[in-house]
Every structure is written in structure tokens, then in C-alpha cells.
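Me: I'm new to this structure and would like a close look at one part of it. Could you walk me through the nonpolar core and the helix that runs through the middle of that story?

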Amino acid sequence: MTIDPLTMVVVDILGKYVIDKGATLLKETGHSAAQAASQLFEKAMARLKADPAEARNAERFEQNPEGYRTPVAEAIAEKVKNDSDFAAQLTALLEDYKKAIITVDTSNVNADIVAMQGGAATGEGGVAVVGNVKGGISVSNQQSGRSLEGDDS
């Protein structure tokens, strides 16, 4: 059976979500994306579990997503092919997920500083650097007048 790209993307997200019920997705993509993945998971699993022929694989997928990826992908592909409403629902939820990934998560805001998508925010006078930095970083404390200069290498 040929599996359409929509189904493959959905199953990828389901697999990432089911591993730890979205905890890793929450860290990697933010609250909105993890919530969208949760809704996608609930919709797809409810549909599969409603079918006695697919319910067992859906349950097994929740325990071992890599081991049951193919049967779940095939089942979802078949449901999408035969039910345009289900396909539209999955597409809409997938779009919500995609939008959430590129939307800034401003849930961590402090004194004009915003942490984006799981980043760190600091209080007044604090500095948080997450990830790779190229070039120099200047940190200045106005009270002491001391300054630390980064290396431009």
C-alpha cells in the first residue's frame, strides 16, 4: 500500500508525542505545538480504536511506536483515503501543529525579555545564552561599571 505524505507526517508526530505524552515535544516546540500534537494523537487514536480490526495495533503503537508504525500508518492511510471528513480533520490539526511550531511562545515573559519556544528568560540584569553563539557577547553591570567582553573568534 502506498502511504500518502499527510499520513507519514501525522504518524511521525504521533510517534514523537506518544513516547512521553508530549513532554519532549513541549521542550522542543513549545506549549501550543505540544497541545496540537495531543489533539492530533487523540483524533487519530480514537478513530483507530473505534475500528475493532485496528484497535489492537493502536494500543500496541502507544506502547511501542516504532514497532507498530507501519500498521498504524497503513490504517490511517486507509481511513484518510475512504473518509474525506477524517482527512480534512487531520489536515486541519496538522496545520495547527505547523503554525504552532513557527509561532513564538511568549509564556515566559519578564521585564521586557521574552523567552521563545522553550528558551530561558532572565530578570533585570541577567543574561541567558542558549545554543550556539558566534561573535562576541558584551555583558555590562551599570552599578559596578565592570564589563566582560566576549571573544570574536
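Reply: Let's start with the largest nonpolar core, which has 31 residues in this predicted model. The members that touch the most others are Leu14, Leu40, Met45, Leu48, Ile76, Val80 and Tyr97. Five helices each put at least two residues into this core: α1 (5-20), α3 (31-49), α4 (52-63), α5 (69-82) and α6 (84-102). The top contributor is α3, with nine residues.

Now zoom in on α5.

Leaving out residues up to four places away in sequence, Ile76 touches Thr7, Val11, Leu14, Ala44, Leu48, Phe86 and Leu90. Two of these partners, Leu14 and Leu48, are also on the list of core members with the most contacts inside the core.

Lys79 lies in α5, and its relative accessible area is 13%, so Lys79 counts as buried, the cut-off being under 20%. Setting aside neighbours within four places in sequence, Lys79 is in contact with Arg47, Leu48, Asp51, Glu54 and Phe86. Two of those contacts, Arg47 and Phe86, also meet each other: Arg47 lies over the face of Phe86, 4.8 Å from the ring centre.

What is Glu78: buried, exposed or partly exposed? Its relative accessibility is 40%, so Glu78 counts as partly exposed. Even so, the C-alpha atoms of Glu78 and Thr7 are separated by 9.5 Å, although the two residues are 71 apart along the chain.

While you're turning the model, find the rings. The structure holds one aromatic pair. In this pair, the ring centres of Tyr17 and Phe41 are 5.1 Å apart and the planes meet at 40 degrees, so the pair is tilted. Tyr17 belongs to α1 and Phe41 to α3, 24 residues apart, so to speak a link between distant parts of the chain. Both partners are buried: Tyr17 has a relative accessible area of 7%, and Phe41 has 2%.

Finally, step back to the whole protein chain. There are six helices and four strands, and from the N terminus on the order is α-α-α-α-α-α-β-β-β-β. Of the 153 residues, 30% count as buried. Among contacts between residues at least 6 apart in sequence, 50% join residues at least 24 apart. The chain exposes about 9800 Å², and carbon and sulfur atoms supply 48% of that area.

Technical notes
Residues numbered from 1 in each chain as written. Predicted model: local features only at pLDDT ≥ 70, side-chain atom pairs only at ≥ 80, totals over all residues. Heavy atoms only, no water. Core = buried A, V, L, I, M, F, W, Y, C linked by side-chain atoms within 4.5 Å. Buried < 20%, exposed > 50% of the residue type's maximum accessible area, 1.4 Å probe, protein only. Contact = heavy atoms within 4.5 Å. Phe/Tyr/Trp six-rings, centres within 6.5 Å; stacked < 30°, edge-to-face > 60°. Lys NZ or Arg CZ within 6 Å of the ring centre and 35° of its normal. Areas by Shrake-Rupley, 256 points an atom, 1.4 Å probe, with all protein chains shown as cover.
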